[in-house]
Amino acid sequence: MASKTRTVCFLVYCVIVRVAELSEGASKLTHVVSSNLSQVLSERCALLGVPPYGDDHVPELLASLQLIYERDHDVFVGQFHATADQLGVPSLSPANGAYPNNQSILVLYKRNVKDRSCLIQPPNAAHHVHAQLYSGDLSVDSLVRFINEECGAFRTTERGKLTRAGLRRERIHDNLYGVSRDEDGAECLRIRMPNTSAFVHDYLFRSRPVVIEGAINDWPARDKWTMEFLLKKYGNKTVHVKLTPDGNFEGVESAYLWQGYRRDRIPESVRAQLQFPDLVVVRPASAEMKFSQFLDLTMAQNKSYSVYLEYSSIPYYMPELTKDVKELPFVEGLLHKHHFNMWLSDGRTLGKLHFDPYDNLLCQLSGEKRLILLDPHHNENLYEGHIPEAVLSFDSSTSATFHRRQLLESTSMVMSPVDPAHPDLQRFPNYSKASKLECTLRAGDALFMPAFWWHEVQSYPDPLEHRNLAVNFWYEPVLTKEFPCAECRLNFNLFYRQLLENQLQSPED
């Protein structure tokens, strides 16, 4: 009898201890309720357990995960006190808001990345969540793999240490290139053709511009794409061209120069988000014409305006020309190409200060380009922000007259209002802190211009051909950022996660 009593007492003791352990595991967890979920997701991806659990080990499991990710800026782990219809998971939203019996519910929520591109947000945009029900093994190893993959994290189960790929990413973020004050006005670095490893680790991963001298000297296009060849091949093809009265493309000017401008034309909810509501980005006029007509205008010496075939898709308009160029060997098969464009003008164009959200290889075939480059690390010095758009109109039937009539009320561009050649330091005093590089791109050269670098591009004609001709490749960026956002920094683009995990080890590895 005494033996049975001791056995029962021992079992009761074990139950008490187990309950205490579970309570301790649950008590260590950070708790989230539906009212503060949006705040959590504005900063990080989240894996949340939803009590009650069908498995008693889940609180301990979540506590272990919380320790692994406690120093991670991308991941939050906790416990979510919510009804089924508050979870945002369609399969767990029955009419009565009850949970399935005996199921341990773990839900992963992606970080809500703010849509900074639009000044008018759709209703409830801030409350929209991307929820995914976890259906794998209830083990630390499986959940860490799942979280790392879905949240872009790089943690191990060994006390949350970074994986090798995570350490590489950290080194990349710590080693980004910026233009120092001592370099202000210096020439871009010029090199000969690099191998892939040198390009990746010295320039691509560092977000560092570089001119590759003679990179396209062996392209058939160098000798083949004469004006006579292009006229014969594509003279009857209709192309879309841009026109401006002074050769300046997409500069910023006072909105008061435009007919019909009124201070109250912009809704107050939008106006409140504009740093400079009295300015507009001047978009060039557009025209559809035969390629032969465009070439005639390009070669005309006494015209009072500038005409430009800019970012015109070669695969779409002139697919036969793709065989006359080739991707540069140090990026071929490495980067994902989005666009391949032609840029053709009389060589008297100025592309005003802007950035592109692509890694760019700009290849000069004829003429010369001179660029001013500013890094994307101090956008507060450039007053980056939304600026309303306005579009020039062009009347060719009279005397080739431009009009400032079309103010766009619903669209804007993320631009800098600063004119680097003539900065208004009274209005934009921070620009005095900006440091720039100057790059010269000659025929045969290629410029690697990393995504989000600000640039202003002055073109000059070839003295014999009287034109400026270039092509460029726009690639998915290796380093990306949110914009407009002065405080947002470049981050490694997880589209290229395999570059961190499997390829191109750096010398430090």
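Helix 3 (residues 58–68) has 8 of its 11 residues buried, so this helix is largely enclosed by the rest of the structure. Buried here means under 20% relative accessible area, exposed means over 50%, and partly exposed lies in between, with a 1.4 Å probe and protein chains only. The buried residues of helix 3 are V58, P59, L61, L62, A63, L65, Q66 and I68. Helices (H or I, at least four residues) and strands (E, at least two) are DSSP runs, numbered from the N terminus.

The model is predicted: local features need pLDDT of at least 70, side-chain atom pairs count only at pLDDT 80 or more, and totals for chains, interfaces and linings use all residues. Residues are numbered from 1 along each chain as its sequence is written, and side-chain values use heavy atoms, with hydrogens and water left out.

The protein chain holds 12 helices and 26 strands. Of its 509 residues, 49% count as buried. Contact means heavy atoms within 4.5 Å. Among contacts between residues at least 6 apart in sequence, 82% join residues at least 24 apart.

Strand 17 (residues 359–366) is also largely enclosed by the rest of the structure, because 8 of its 8 residues are buried. Two strands pair if DSSP finds at least two bridges between them. Strand 17 pairs with strand 24 (residues 468–475) in the antiparallel sense, over 7 bridges. Within this pairing, L361 has F473 of strand 24 as its bridge partner. Strand 17 also pairs with strand 22 (residues 446–449), again antiparallel, over 4 bridges. Here L362 is bridged to L447 of strand 22.

K369 belongs to strand 18 (residues 368–374). The residue is buried but has no salt bridge. A salt bridge is a side-chain nitrogen of Lys or Arg within 4 Å of a carboxyl oxygen of Asp or Glu. Lys and Arg count as positive and Asp and Glu as negative; His and the chain ends are not counted. The nearest side chain of opposite charge to K369 is E310, 9.3 Å away. A polar contact of 2.9 Å instead links the side chains of K369 and S459. Such a contact is a pair of N or O atoms within 3.5 Å; within protein, one atom must be able to donate a hydrogen and the other to accept it, and residues adjacent in sequence count only if both atoms are side-chain atoms. Neighbours within four places in sequence aside, K369 is in contact with Y308, L362, Q364, C439, T440, L441, V457, Q458, S459, N468 and A470.

Strand 11 and strand 12 (residues 279–283) run antiparallel and are joined by 3 bridges. V252 stands opposite V281 in strand 12.

H354 is part of strand 16 (residues 350–354). Its side chain reaches the backbone oxygen of K352 at 2.6 Å. Not counting residues up to four places away in sequence, H354 touches M415, W453, W454 and H455. H354 and E384 are 30 residues apart in sequence and 9.5 Å apart in space, C-alpha to C-alpha.

Several backbone features were also recorded. Most residues other than glycine have a negative phi, and most peptide bonds are trans. A cis peptide bond joins P51 and P52, with omega about 0°. P52 sits in the loop between strand 2 (45–50) and helix 3. Another cis peptide bond joins F483 and P484, with omega about -5°. P484 lies in the loop between strand 25 (479–480) and strand 26 (491–492).

Y311 is not a glycine, yet has a positive phi of about 30°. This residue is found in strand 14 (residues 306–313). Y311 counts as partly exposed because its relative accessibility is 34%. H466, also a residue other than glycine, has a positive phi near 55°. H466 lies in the loop between strand 23 (454–460) and strand 24. At 33% relative accessibility, H466 counts as partly exposed.
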